[in-house]
Structure formats: C-alpha cells, structure tokens
Amino acid sequence: MDKPAEMFDRDYEWSALRRFITDEQPGATLGVVSGRRRQGKTFLLDAACRAAGGFYFAATEAANAESLRRLSAALTAHVRPAVPYHFADWSEALDALLALGAERPIPVVIDEFPYLARANPELPSLLQEAFRPMRDQRTRSRTRLLLCGSALSFMGRLLSGNAPLRGRAGLEMLVRPLDHRLAAEFWEISDPALALKVNAVVGGTPAYRREFARGDTPSGPEDFDDWVIRTVLNPETPLFREARYLLAEEPDLRDSALYLSVLAAVADGNATRGGVAGYLERRATDIAHPINVLEDAGLLHRDADAFRDNRATYRISEPLIRFYHAIMRPVWDQLERPGSAGRVWQASRRRFVSNVLGPHFEQICRDWALHHADPDLFGGLPARVGHGVVHDPKARTGHEVDVAVVGIADGGKAPLLAIGEAKWNDTMGAAHIERLRHLRDLIARTGRYDTTDTRLLCFSGTGFNDKARAATAASPDVHLVDLPALYGRS
C-alpha cells in the first residue's frame with residue numbers, strides 16, 4: 001500500500017491508515033477520521049481505498065431514503081452483484097459493508113458521515129450494534145470501516161462520554177493543517193519572512209494553494225502585498241468568502257451573528273472571557289456557551305496562563321478567520337466593490353502587523369519551542385509551552401511573557417526550562433535580555449516553578465543588534481532565535 005507520489009507529506013497519517021487497513025486480525029474494525037475542511041481528508045482516504053482496492057462513499061446533505069439509494073447504487077457499481085442492492089434500512093446496508101471484508105482486510109470509507117447522522121440520528125446506535133463484539137457478521141469480516149467528517153464538534157462527540165460508539169473505534173485520527181515549516185515547503189517559499197507572512201494569512205490548509213489560489217504564490221517578498229490584493233481580498237476569488245463559509249459549515253453554530261461577534265472580539269485583542277463580554281456589552285456568563293461551541297468546532301483555542309491559575313486567554317485557531325475578522329469584516333462593504341482591494345489593503349497594513357502578524361509570530365515561536373527546538377537548547381524536553389502574565393508587586397503591574405517552556409515535573413516543582421520574548425518588527429537588543437532576567441527573578445520569587453536553569457530566549461523577525469549578540473556570547477543561558485532558525489534553515 002504505497003503512498004501516491006502526488007501526495008504532499010501526510011507520512012504519519014498514511015502510515016496510521018496503512019497499519020489500520022492492512023491489519024490481518026479477524027474481526028471488522030472501526031476508525032474515525034476528522035479534521036477541518038480543505039485539509040485533504042478526502043484525498044487521503046480516497047487514495048487509501050484506491051491503493052487497497054477498497055470502497056469509498058461520499059455522503060451528501062440528503063434525506064435518509066435518498067442516502068440509502070445512493071449507497072445502494074454506489075456499492076452495486078463497486079461489487080457488480082448479480083442482483084443490484086436495494087437497501088431497506090441502514091442495518092442491512094451496514095451488513096453489506098461488513099461482507100466486503102469476508103476474504104481479506106479491506107477499507108470502506110463513509111465520508112461526510114455527519115450528513116448521514118443528521119438525517120438519521122439512530123445511525124451511531126446502529127453502528128454500535130453492527131460492531132457488537134460477538135456478532136457473527138462482525139467476527140467473520142475484516143472490513144476496516146472509516147467514518148470521516150469535517151464537523152469537529154460532531155466528530156468529537158462521536159467517541160466521547162456515553163456516546164454509542166465509545167470504545168468501538170480502533171483508530172481515531174485528526175488530520176491537522178500543515179505546520180509552518182511544511183506549509184512553506186508546500187507553497188514553495190524559500191524566504192522565511194515571506195513564508196511566515198503567507199502563513200499568517202492562509203495557515204497550513206493545503207487546498208488554499210491548489211484549489212483556492214489556483215497555484216498563485218508570491219514570487220518574492222516584494223510581491224506579498226500584490227498577492228494579498230489579487231488572491232485574498234479579490235471578491236472574484238474563492239478565498240474571499242472562505243472564512244464566512246467555514247463558520248456557516250459548522251452545524252452547531254446556529255446564531256451566526258453572536259459567534260461572528262465573539263470571533264471579532266478576539267481578533268481585536270480581547271483575549272479573555274471578560275474582555276470578550278465587555279466588547280459585546282454582555283455578562284461573562286452569557287458568552288460562555290458560544291465560546292465553548294467555538295472551541296468544540298476548532299475555531300477558538302483556550303490557552304491557560306502559565307503563571308496564574310484560573311486565568312486563560314483565547315486565540316482564533318484558523319489564520320484565515322483571524323485575517324478575515326481583523327482586516328476584511330470591518331470594511332466588507334468596500335471590499336465587495338471590485339477594484340477596492342488595493343485601497344483597503346493600503347489602509348490595513350498597520351493593523352495586519354499588530355493584530356495578525358505579531359500574534360501569529362508569537363504562536364509560531366511557541367510551536368517551534370514545543371515541536372522543533374532541540375531539547376538540549378532547554379536542558380530538557382518541554383512538557384508544554386504557553387504564555388502568561390507575571391505580576392510585579394513592586395511596580396504594581398503585570399509583564400507579558402510570550403513564550404514559557406515548562407518541563408516535566410519529577411516529584412517536585414516543574415522546571416521552567418525557558419522564557420522568551422517575541423518581536424516580529426523589532427531589532428532586539430540588550431534591553432530585551434535584561435527584561436527577561438528581571439522576569440525570571442520575579443517568577444523565582446513566586447516559587448511556582450524551579451527556575452534554577454531557566455534559559456532566556458529572544459525571538460525576532462528582523463534580527464538582533466551587536467549588544468544582544470555580545471550578551472549571548474557572554475551568557476550561555478541566553479539564546480537568540482531568528483526566522484531562519486524557526487524554519488530550520490540556520
């Protein structure tokens with residue numbers, strides 16, 4: 001089962017699918033594959049079916065009876081039985097799918113499964129019965145049934161708590177966007193600064209380059225502004241309305257105006273629950289439900305404060321949605337008029353740097369520390385990387401720490417491996433390092449972490465001056481991280 005040559009990366013996902021599909025053990029097994037739209041789930045699963053001679057069925061928004069007719073026709077075309085299938089109900093259809101694996105392990109994919117479950121809410125329970133441990137139709141089959149869906153809130157509940165399929169799945173896979181390094185490679189951008197700017201707009205969603213931008217990539221740093229104007233802010237391109245469609249596609253987001261306002265509040269810098277409530281002029285309890293729903297849908301992410309208990313901030317998980325709310329939504333009426341994109345972008349570039357690019361750079365720095373940095377740089381393996389506010393009792397103020405690398409607690413206080421400051425648009429110097437030293441002292445006084453070996457990290461999008469480099473040479477606990485290092489090119 002070889003991965004198609006035209007498939008970019010997805011080595012981990014392909015290996016997981018191969019192990020699941022080619023498992024020779026008797027008994028049908030169930031797998032669940034989820035992920036936001038446009039990540040390549042359909043391409044991945046369809047390719048797996050083709051490679052292993054399996055059956056792929058893509059559900060649509062349809063009544064239950066129509067979906068059964070479509071499945072009957074698709075399975076008839078695949079199997080070519082003497083008598084065409086005409087399934088009376090889903091129990092009969094599921095047994096026919098199990099029968100496909102009578103002789104060998106075979107993948108069977110039901111894509112967009114939430115559509116089917118919406119038309120027939122009993123379907124998860126019917127699957128539970130079909131995959132009952134000692135049921136003959138299951139034990140005699142080696143069908144590897146994969147349920148796939150893009151509605152993260154629905155798919156997340158499929159195997160949780162007291163859900164009917166809890167404990168039935170042998171594979172639970174989330175197809176994530178490409179990280180910043182893979183995204184740069186996918187977009188074929190060699191310049192790290194340009195790669196990060198593009199990533200701040202479209203993130204790591206593969207379809208945005210291939211289908212939505214039709215392969216249009218900035219030719220160089222000088223082409224970025226024109227690329228945004230012709231590709232993202234152009235009402236004639238698919239990317240223009242994509243952020244709105246992503247929200248509309250989530251079945252649990254019924255009051256779209258409220259959810260849009262919550263996202264707008266976060267995009268405007270109101271990162272706490274109280275800040276969002278104040279922005280919307282509502283009580284904090286009133287916005288608890290929409291925030292939870294947006295979290296379940298994968299549109300908001302909750303970051304716990306690394307230094308203060310019971311305090312968290314929120315960030316928009318999908319870069320294109322953050323870009324839309326920060327740049328496009330406030331001037332939507334102007335953008336809808338053809339030819340206005342250049343004028344709007346010229347007026348929005350400062351806001352792009354402060355509300356989009358700066359926060360995105362900070363998150364990339366945290367992701368690098370957790371997933372890419374050599375653990376030797378920190379003197380240990382990070383358990384988690386976050387950010388937070390350190391209180392200064394003498395100055396009666398709080399200081400933001402952009403990157404906090406926390407190690408594994410081994411029977412005592414967790415070690416604070418490193419703290420860092422991230423500046424996209426500033427050349428960093430000795431003052432930044434001294435600020436980090438002061439913050440390390442403040443953290444040490446709280447006794448929350450073991451700060452004995454805490455390293456100091458400076459992240460900059462524009463570089464470091466001579467004083468910063470001299471401080472690094474004189475202090476082995478100080479490290480400077482530039483854009484090439486973030487992209488593994490130094």
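In what order do the 5 strands of the open sheet with mixed pairing stand? The order is E8-E9-E10-E11-E12. Strands here are DSSP runs (E, at least two residues), numbered from the N terminus, and two of them pair if DSSP finds at least two bridges between them.

The model is predicted, so local features need pLDDT of at least 70 and side-chain atom pairs count only at pLDDT 80 or more, while totals for chains, interfaces and linings use all residues. Residues are numbered from 1 along each chain as its sequence is written, and side-chain values use heavy atoms, with hydrogens and water left out.

Strand E11 (residues 455-460) runs parallel to E12, and 4 bridges join the two. At one of these positions, Cys458 has Leu480 in E12 as its bridge partner.

Another open sheet also has 5 strands, in the order E2-E3-E4-E1-E5, and its pairing is parallel. Its edge strands are E2 (55-58) and E5 (169-174), each pairing on one side only. Neighbouring strands in this sheet are turned by 15° against each other on average, direction ignored. E2 pairs with strand E3 (residues 106-111) in the parallel sense over 4 bridges. The bridge partner of Ala58 in E3 is Asp111.

Conventions: Axes fitted to C-alpha atoms, helices over the stretch in contact; angles between N-to-C directions.
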